[in-house]
Amino acid sequence: MERIAIHTPNAPAAIGPYSQAIKAGDTVYVSGQIPIDPATGAFAGEDIRTQTRQCLKNLGNILKEAGTDLSHVVKTTVMLQDIGDFAAMNEVYAEAFTEPFPARAAFQVGALPKGALVEIEAVAYCGK
């Protein structure tokens, strides 16, 4: 199966040896997105709600480049610096998705790149 790298300037550039996303068949695998605003290279904000919104915006922009959108996401993984931020993250997350909601895992991790409060990765359907 052919793997196609997806890249958009409307999301942060990869900060290591990985792609923003890979399209394989009818599926797009989006790398974890931290809350960097690609226009400034800085975090969109310091609170969990603002950072979650930026992560989801970055995911949406990458999915758009791949020819799909957040409505086609089937699975996400949410990594939190502090599980105490779960409720606030979940409120913002609920604004981005509609039923049927994607499958999801969410957990606290030891640390995230650049000190982010949240990182979100996704898998989406992109077939016709």
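Helices (H or I, at least four residues) and strands (E, at least two) are DSSP runs, numbered from the N terminus. The model described here is predicted: local features need pLDDT of at least 70, side-chain atom pairs count only at pLDDT 80 or more, and totals for chains, interfaces and linings use all residues. Residues are numbered from 1 along each chain as its sequence is written, and side-chain values use heavy atoms, with hydrogens and water left out.

Six strands form an open sheet in the order 1-2-3-6-4-5, with mixed pairing. Strand 1 (3–6) and strand 5 (103–108) stand at the edges and have a single partner strand each, so one side of each is left without a neighbour in the sheet. Two strands are taken to pair if DSSP finds at least two bridges between them. On average, neighbouring strands of this sheet are turned by 15 degrees against each other, direction ignored. Such axes are lines fitted to C-alpha atoms, for helices over the stretch in contact, and angles run from 0 to 180 degrees between N-to-C directions.

Strands of a sheet pair through backbone hydrogen bonds, either parallel or antiparallel.

| Strand pair | Sense | Bridges |
|---|---|---|
| Strand 3 (residues 27–33) and strand 6 (residues 118–125) | antiparallel | five bridges |
| Strand 4 and strand 6 | antiparallel | seven bridges |
| Strand 4 and strand 5 | parallel | six bridges |

Gln33 has Ile120 of strand 6 as its bridge partner, and Thr27 is bridged to Tyr125 in strand 6. Met79 stands opposite Glu119 in strand 6, while Thr77 stands opposite Ala105 in strand 5.

Strand 4 is mostly covered, with six of its eight residues buried. Here buried means under 20% relative accessible area, exposed means over 50%, and partly exposed lies in between (1.4 Å probe, protein chains only).

**The largest pocket**

The largest pocket has a volume of about 160 Å³. On a 1 Å grid over the protein atoms alone, a cavity is a set of points where a 1.4 Å probe fits but cannot get out, whereas a pocket is an open set with protein on both sides within 12 Å along at least five of seven lines; lining residues have an atom within 4 Å of a point. Grid points are joined across faces, edges and corners, and a volume is the space filled by probe spheres set on the points.

The pocket is lined by 13 residues, of which Ala13, Ile15, Tyr18, Gly32 and Ile34 are the closest to its centre. Strand 3 supplies the largest share of this lining, three residues. By class, the lining has eight nonpolar, four polar and one charged residues. In this scheme Ala, Val, Leu, Ile, Met, Phe, Trp, Tyr, Cys and Pro count as nonpolar, Asp, Glu, Lys and Arg as charged, and the others, Gly among them, as polar.

**Backbone exceptions**

Most residues other than glycine have a negative phi, and most peptide bonds are trans. The peptide bond from Glu99 to Pro100 is cis, with omega near -5 degrees. Pro100 is placed in the loop between helix 2 (86–96) and strand 5. Lys114, in the loop between strand 5 and strand 6, has a positive phi, near 60 degrees. Lys114 is exposed, with a relative accessible area of 59%.

**Two individual residues**

Cys126 lies in the segment after strand 6 and counts as buried at 6% relative accessibility. Leaving aside neighbours within four places in sequence, Cys126 is in contact (heavy atoms within 4.5 Å) with Lys23, Gly25, Asp26, Thr27, Val28, Ala66 and Thr68. Cys126 and Thr68 are 58 residues apart along the chain, yet their C-alpha atoms are separated by 5.3 Å.

Asn10 belongs to the loop between strand 1 and strand 2 and is partly exposed, with a relative accessible area of 44%. With neighbours within four places in sequence left aside, the contacts of Asn10 are Pro38, Asn58 and Asn61.
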